[in-house]
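User: Hi! I am new to this structure and would like to learn how to read it. Could you walk me through it, one feature at a time?

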Amino acid sequence: MTSMSRRSFLFGSTAMACSLPAFASDPEKKFDESADVVVVGLGGAGAAAAITAADHKASVIILEKQPLATLRSNTRMSGGWVHCPDKDGNKEELRKYFRALFSAKYDDKPSVGEEDDISNGMAEYWVEYTPNLMDWLKSLDPELKGQKFSGPAQYVNFPGAKTSSYASYHLMYPARMGKTSSYNGPKTEATEGEALWRALEKGIQDRSGLIKIIDNAPAVALILNEDGHVVGVVAKKGGKDIRIQAKKGVILASGGYEYSAEMRKAFLPGPSVGGFAFYGTPYNEGEGIRMGIKAGAALSKVSTCAARMIWAPPVYHNGMRLGVTTVGVGAPGSFVVNALGDRFIAENKIMGGITNNSVYEKAAEQNLDTMTYDNMPAWQIFEEEIFKSRPLANLTRSTVGYGFVDYGAVDNSDALKKGWVLKADSIEELAKKIAETSVNKGRMNPQKLTETLKRFNEMSTAGKDEDFGRNPKSLKPLEGTVFYAIPLFAGGSNTKGGLKTNAEHQVLDWDGKPIKGLYAAGEIACGLNRGGAMLTDALVFGQVTGKAAATKK
């Protein structure tokens, strides 16, 4: 590719136009700022990368599109779970588990990952880094606490799940979890993802001599030299282009594409804009993926998500629904039906276990007889006891805890008044109310929903779900004469696939060759084909890429 054609490729589109050359010579004179390593995005992966690069004596500039004062990343809005197997556990069994986790292959079953060399290489990094994650986080802030949970890993059918001394930690600063959001509150009260963020934030602050943050500065393009090596980043700051030199490397850690309608249409199955919702940050719009593509990066498994079926009230960001972390799906006294009134899945598969991060595939399943998407949205039907006993959305994290969705009263009364929750004095009336909603469009059949309730109650009384094999412990008939419903959309915390990388998370082109000077970590390049340990992946490969970029010669 000639120098002119490369410029046309990189900066030809209106959306990414920067009127900048792909610098070929003496690029230092053309830059506004310079550092050894430039990190794009200040979530878990970006913070870990910056801290690690600084610990290897590299100067770092972090570009963040959000204002620091109100920074709300997926890491910060999360539940704050970090996977950290015991150090003295069986490493070979742990290796088996992580290899299966990254490839989604075990025994002689087909591999979702389809790239055993890369999957196995990433697993090796997890074997090396995960047993030390809590020690690493506490080295950033000794005040951080973690509640340890030991036992089998989530994917219990994978080899090593029960024999690798697996453990995970729920992060916090106080001795017990709170019931309200700790966003921007005192650090001593921080819990969940907020606690994780405060530890990472302190790690960055303690390295302020080497780490500089430029906020309110969305990155828009990568700068390549004549040889195709990434040598910098273009960002927007105060309406102007700023050019940041990266002497050793650029690390893209800008998150997924949850709130890019065009990328949803390109990559997600089914009605991807109206049928999906996410409860992570709405600032994830896929910019890093766009930048990587323009630099020649290949894509991999872009349609994968950490997603199931969640509640999404009619609150929108750029025309897309904001989801909430949903409480109670699959609880005793409730069941889930599709848009027609039929059950279609064992409800316990929606919320936990090995299916927790792949139910979106079932939600987006097409009815081949009618060519319709009958599970989008589905509906959770539940009794009054559930409505009165708990908030239907988690109030401490996610879009509610971080101010994107104003949920209101803890007793769900505001959600009911707003029409986010439907209530009726009979199951037939509830079905009619569902049919009248804009998302159901008259598909709900009152007779069918009535029959579904009757059969579910009979099976629950008998203690066996003969239709879908739901966990017997969760079977309980819906009691009383008052019924409630909320819509469930495909979705969850984030998308996962994106830029194709090797095991070291160097970004690869379509020929499988590394693009010199370019790395990616976090959601933008997650290799967990079935796993949901996104925070752990971000922290591990943030450290891996930070070290690799800083020590590059």
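**Reading the model step by step**

Analyst: Happy to. Let us begin with one side chain: at 62% relative accessibility, Lys388 counts as exposed. Please keep in mind that this is a predicted model.

User: Which residue does Lys388 meet in a salt bridge?

Analyst: Its partner is Glu384, with 3.8 Å from N to O. To be counted, a side-chain nitrogen of Lys or Arg has to be within 4 Å of a carboxyl oxygen of Asp or Glu, so this pair qualifies. Glu384 is partly exposed, at 23% relative accessibility.

User: How far apart are Glu385 and Leu518 in sequence and in space?

Analyst: They are 133 residues apart in sequence and 53 Å apart in space, taken from C-alpha to C-alpha.

User: How many salt bridges does the structure hold?

Analyst: There are 30 salt bridges. One of them joins Glu33 to Lys212, where the closest N and O atoms are 2.9 Å apart. Glu33 belongs to strand β1 (residues 33-40) and Lys212 to strand β6 (residues 211-214), so this pair ties together parts 179 residues apart in sequence. Glu33 is partly exposed, with a relative accessible area of 27%, and Lys212 is partly exposed too, at 37%.

Another salt bridge links the side chains of Asp241 and Lys236, at 2.8 Å from N to O. Asp241 has a relative accessible area of 23% and is partly exposed; Lys236, at 30%, also counts as partly exposed.

User: Which residues are linked in a network of salt bridges?

Analyst: Look for Glu92, Arg95, Arg99 and Glu124, which are linked in such a network.

User: Let us turn to strands. How should I read their two faces?

Analyst: In a regular strand, side chains alternate between the two faces of the sheet. Strand β2 (residues 60-63) has both of its faces covered. Val60 and Ile62 are on one side, Ile61 and Leu63 are on the other, and all of them are buried.

User: How many bridges join β1 to β2, and do the strands run parallel or antiparallel?

Analyst: Four bridges join them, and the strands run parallel. For one point of contact, find Val38: its bridge partner in β2 is Ile61.

User: Which order do the strands take in the open sheet of three strands?

Analyst: The order is β3-β5-β4, and the pairing is antiparallel. β3 (81-83) and β4 (145-150) stand at the edges with a single partner strand each, so one side of each has no neighbour in the sheet. From one strand to the next, the twist averages 30°. Six bridges join β4 to β5 (residues 167-172), and Gly146 stands opposite Leu171 in β5.

User: What about helices? Which residues of α16 are buried?

Analyst: They are Leu449, Thr452, Leu453, Phe456, Asn457, Met459 and Ser460. Seen down the axis of α16, these buried residues fall within an arc of 165°, so they line one face of the helix. On the other side, Gln447, Lys454, Thr461 and Ala462 are exposed.

Helix α16 (residues 446-462) has 17 residues and reaches 25 Å from its first C-alpha to its last, close to the 24 Å expected at 1.5 Å a residue.

User: What span should helix α17 have, and how many of its residues are buried?

Analyst: Its 17 residues (534-550) should span 24 Å at 1.5 Å a residue, and the end C-alpha atoms are 24 Å apart, which agrees. α17 is mostly covered, with 15 of its 17 residues buried.

User: Finally, how do I make sense of a nonpolar core?

Analyst: In soluble globular proteins, nonpolar side chains tend to be buried together. Here the largest nonpolar core has 77 residues, of which Leu63, Leu222, Val250, Leu252 and Trp311 touch the most other members. Strand β9 (residues 240-252) gives the largest share of this core, five residues. Apart from it lies another core of 71 residues, including Leu71, Leu94, Leu133 and Ala153.

How values were computed:
Residues numbered from 1 in each chain as written. Predicted model: local features only at pLDDT ≥ 70, side-chain atom pairs only at ≥ 80, totals over all residues. Heavy atoms only, no water. Pairing = 2+ DSSP bridges. Helix = DSSP H or I, 4+ residues; strand = E, 2+ residues; numbered from the N terminus. Axes fitted to C-alpha atoms, helices over the stretch in contact; angles between N-to-C directions. Expected span 1.5 Å × (residues − 1). Buried < 20%, exposed > 50% of the residue type's maximum accessible area, 1.4 Å probe, protein only. Core = buried A, V, L, I, M, F, W, Y, C linked by side-chain atoms within 4.5 Å. Arc of directions from axis to C-beta.
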